[in-house]
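Please read the points below beside the model when you review it.

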Protein chains: 4
Amino acid sequence: MARTVDPEKHEQRRLAIIDAGLTCFAELGYEGATTARISRHAGIGSGTFFHYFPTKAALLLAILEYGTRETNDWFAAQTGRSDPAQVVRDWVRHTADDVGDPRVPGFVRAVGAVMSEPAIAAALAADDEAQRRSLRIWIRRAQQAGQVRTDVSAPTLTSWVLLVLDGFLGRLATEATFTAAGQRRMLLDTVDRLLAP
Amino acid sequence: MARTVDPEKHEQRRLAIIDAGLTCFAELGYEGATTARISRHAGIGSGTFFHYFPTKAALLLAILEYGTRETNDWFAAQTGRSDPAQVVRDWVRHTADDVGDPRVPGFVRAVGAVMSEPAIAAALAADDEAQRRSLRIWIRRAQQAGQVRTDVSAPTLTSWVLLVLDGFLGRLATEATFTAAGQRRMLLDTVDRLLAP
Amino acid sequence: MARTVDPEKHEQRRLAIIDAGLTCFAELGYEGATTARISRHAGIGSGTFFHYFPTKAALLLAILEYGTRETNDWFAAQTGRSDPAQVVRDWVRHTADDVGDPRVPGFVRAVGAVMSEPAIAAALAADDEAQRRSLRIWIRRAQQAGQVRTDVSAPTLTSWVLLVLDGFLGRLATEATFTAAGQRRMLLDTVDRLLAP
Amino acid sequence: MARTVDPEKHEQRRLAIIDAGLTCFAELGYEGATTARISRHAGIGSGTFFHYFPTKAALLLAILEYGTRETNDWFAAQTGRSDPAQVVRDWVRHTADDVGDPRVPGFVRAVGAVMSEPAIAAALAADDEAQRRSLRIWIRRAQQAGQVRTDVSAPTLTSWVLLVLDGFLGRLATEATFTAAGQRRMLLDTVDRLLAP
DNA sequence: CATGAATGAGTCTTCATTCAT
DNA sequence: AATGAATGAAGACTCATTCAT
């Protein structure tokens, strides 16, 4: 009996749709990116889309979860490292690399507009929470190691590191001359200044 | 011949629509905020909206221009001051006050997603440019006065101050516990650290 | 006690609106001609329109009735003439002159599209009937005088004269090179051929 | 991979919409015929309409082009005939048959009012030009064969034959007692009189 | 499973008409 | 009487989602 489903091909297509969604959302915004256009971009029929995602919002959710998982994976890989301040710096660097993908800033802006949907707001919050939780751990350790200022609580410092990364993303989307590569050193310097004891 | 227009009432209503637009855009996003809902919120009929703004996009533009004008007015009022670093700090404080209006962060996110419309993208760029141009002048003066570091060019420093303010706005929208009032001191401290020689 | 109404001015304005309506309907079609535009064209406020005509359709009706009255007046002025065939020819010539006004063909086309409104269909029928009734009398007399063929009934011949005039109007609207002045002689010749015994 | 399109059914439906459009435009005028009503008449959903025609104007255009193509086909089928005057008469008869469809006069009137749309004006002009061009050829041949008068140029005679046909259509729409069948003989006689040397 | 045609709810926008001044 | 701001009903068109093939 032949397998009618090829799980590998299925996953491949799923990723193709996620990729197309990232691109289209970034270029056109959430509402501007029609399921038909995303489907065409992914090389599938307009009805096939709904074999992979029950709704358009579900695709957005999947993209967000994908990002959350990557965050978790990255931090999981740092387990056991001994220089906490360096882990924080590495995370900043890692994020700066991620947003080298020119679609990311556009995507983030696109998503910002759909927070009326509770499911999406929840996913965004979960994504943020994932970053904050992991990062906070290392910041606290860095404080305990005397590498980072202690006049401000670890949760607050964490928010401020994320704040700088958020702003970094925003500038990339706003100023044409502001590039991830060109401003990377300044980014690290700014975070250092923010955290310096 | 009786005058049928009461210019005062007209301006009042125009402002009411702008206010309703700000609220609705912030809560529902640009696409989510229907003209019908904005009209209801402003207490006018659905057709009346179009007596004040020819299109929905024009309302958004008007809100943006309103903000740009306020920026220009604020900087115009600083002319002649002698402590440039203090002007920069005052601007940061002023911005922090503005975003005390809880609608502002939501609005900014909402708008970020509509950059497909060239007219809106242009208005956003103009708004950003207005801030950057004025702020840069004072930052340069602060550099010349030795109040601010000179290892980074004034335009870049300007971008980074705006980056912090952008990120500040973003955090307000993302983290429920992150409030403008509570983080105001930290904001000023961060900008000080960013600019310190 | 001052007269608040100046009947002369009132009639003047009424005619101005009728004229503006003729122009706008001709240029833009019935639906395309908004009451606002007609009012502006007539030099009055958009609300004033409705002091003179209760609805937009009523304006169209008034224009049609104006034409009907002119037709009746013209025929009334021919009473007592002794050469019936010449009266018919004069009517044709008179009509050709009327449609020299370049708005007339456009207006007729515009009106053709609104026959769904029963009131307008009735007015158009009345206008046509007015022409047919008067013209038929003279055609019958011309038959009795042996000036016009008798193998076809007077009512039918009347319809065919009107048919040629209708077609004349249509060509003016369709062919740019077909002008009232240039085709006038041909028009009379064609009617002569149509009626020749 | 299953074919999801049945081209036959697609064409069938397209024709159903064209037919419904013809009926609705004729009865209600261009503006009066809403896409919703046309869709209901064609037995399809209101959104389906736009799978077949991108705009309402495009439907009108399609109907007009359909007529133009029929005209061209008819004349193409006459190639090689030896009695040019008879071809002209046949064309007149053919047209009279076409307008036996009681929707045609209404449709023509309806369309006359939409000449503000340049695309539609162009299609109407193209349709007229198609008729004129083909008809002119045969009229010129008839002149050369001595069957038709030569005191008037072929283009002008062509316009006048079309004028009579236009007027015929108009009368059908205006006078209830004027029928295509009843006036057919008179139509041919009138054209004969118009063209007689 | 894949497809794309079909659907209709929902959007922005227009405009005849009303009415307070 | 004149004005033009206000109104809301209605229309063209879009698009997420369904379903027969």
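1. Conventions. This is a predicted model, in which local features need pLDDT of at least 70 and side-chain atom pairs count only at pLDDT 80 or more, while totals for chains, interfaces and linings use all residues. Residues are numbered from 1 along each chain as its sequence is written, and chains are lettered from A and ligands numbered from 1 in the order in which they are written.

2. Domains of chain A. Chain A is divided into domain 1, residues 1-53, and domain 2, residues 57-195, with bounds that come from an automatic or database domain assignment. The centres of these two domains of chain A, taken over C-alpha atoms, are separated by 27 Å. Between them, 11 residues of domain 1 of chain A are in contact with 13 residues of domain 2 of chain A, where contact requires C-beta atoms, placed from the backbone, to lie within 7 Å. The side of domain 1 of chain A that touches domain 2 of chain A has 7 nonpolar, 3 polar and 1 charged residues; here Ala, Val, Leu, Ile, Met, Phe, Trp, Tyr, Cys and Pro count as nonpolar, Asp, Glu, Lys and Arg as charged, and the others, Gly among them, as polar.

3. A helix pair in chain A. Helix α4 (residues 56-76) and helix α7 (residues 118-144) of chain A have axes that come within 10 Å and cross at roughly 5 degrees. Helices are DSSP runs (H or I, at least four residues) numbered from the N terminus, and their axes are lines fitted to C-alpha atoms over the stretch in contact, with angles from 0 to 180 degrees between N-to-C directions. Because angles under 35 degrees count as roughly parallel, α4(A) and α7(A) are roughly parallel to each other. Among the residues making the contact are Leu60(A), Leu64(A) and Phe75(A) of α4(A), and Ile120(A), Leu124(A) and Asp127(A) of α7(A). By class, this contact of α4(A) with α7(A) has 11 nonpolar, 6 polar and 2 charged residues.

4. The corresponding pair in chain D. The axes of α4 (residues 56-76) and α7 (residues 118-144) of chain D come within 10 Å and cross at roughly 5 degrees, and α4(D) and α7(D) are therefore roughly parallel to each other. The contact includes Leu61(D) and Thr68(D) of α4(D), together with Ala123(D) and Gln131(D) of α7(D).

5. Chains A and B. Chain B can be laid on chain A with an RMSD of 0.3 Å by a turn of 179 degrees and a shift of 0.0 Å along the axis, the superposition being by least squares on the C-alpha atoms of residues with pLDDT of at least 70 in both copies. The two copies are thus related as by a two-fold rotation axis. In chain B, the C-alpha nearest the axis belongs to Gly167(B), at 2.0 Å from it.

6. The surface between chains A and B. In this interface, 31 residues of chain B are in contact with 31 residues of chain A. On the side of chain B that touches chain A, α1, α6, α8 and α9 of chain B each supply at least two residues, and the largest share, 11 residues, comes from α8(B).

Technical notes. Parallel < 35°, antiparallel > 145°, perpendicular 65-115°, else oblique. Contact = placed C-beta atoms within 7 Å.
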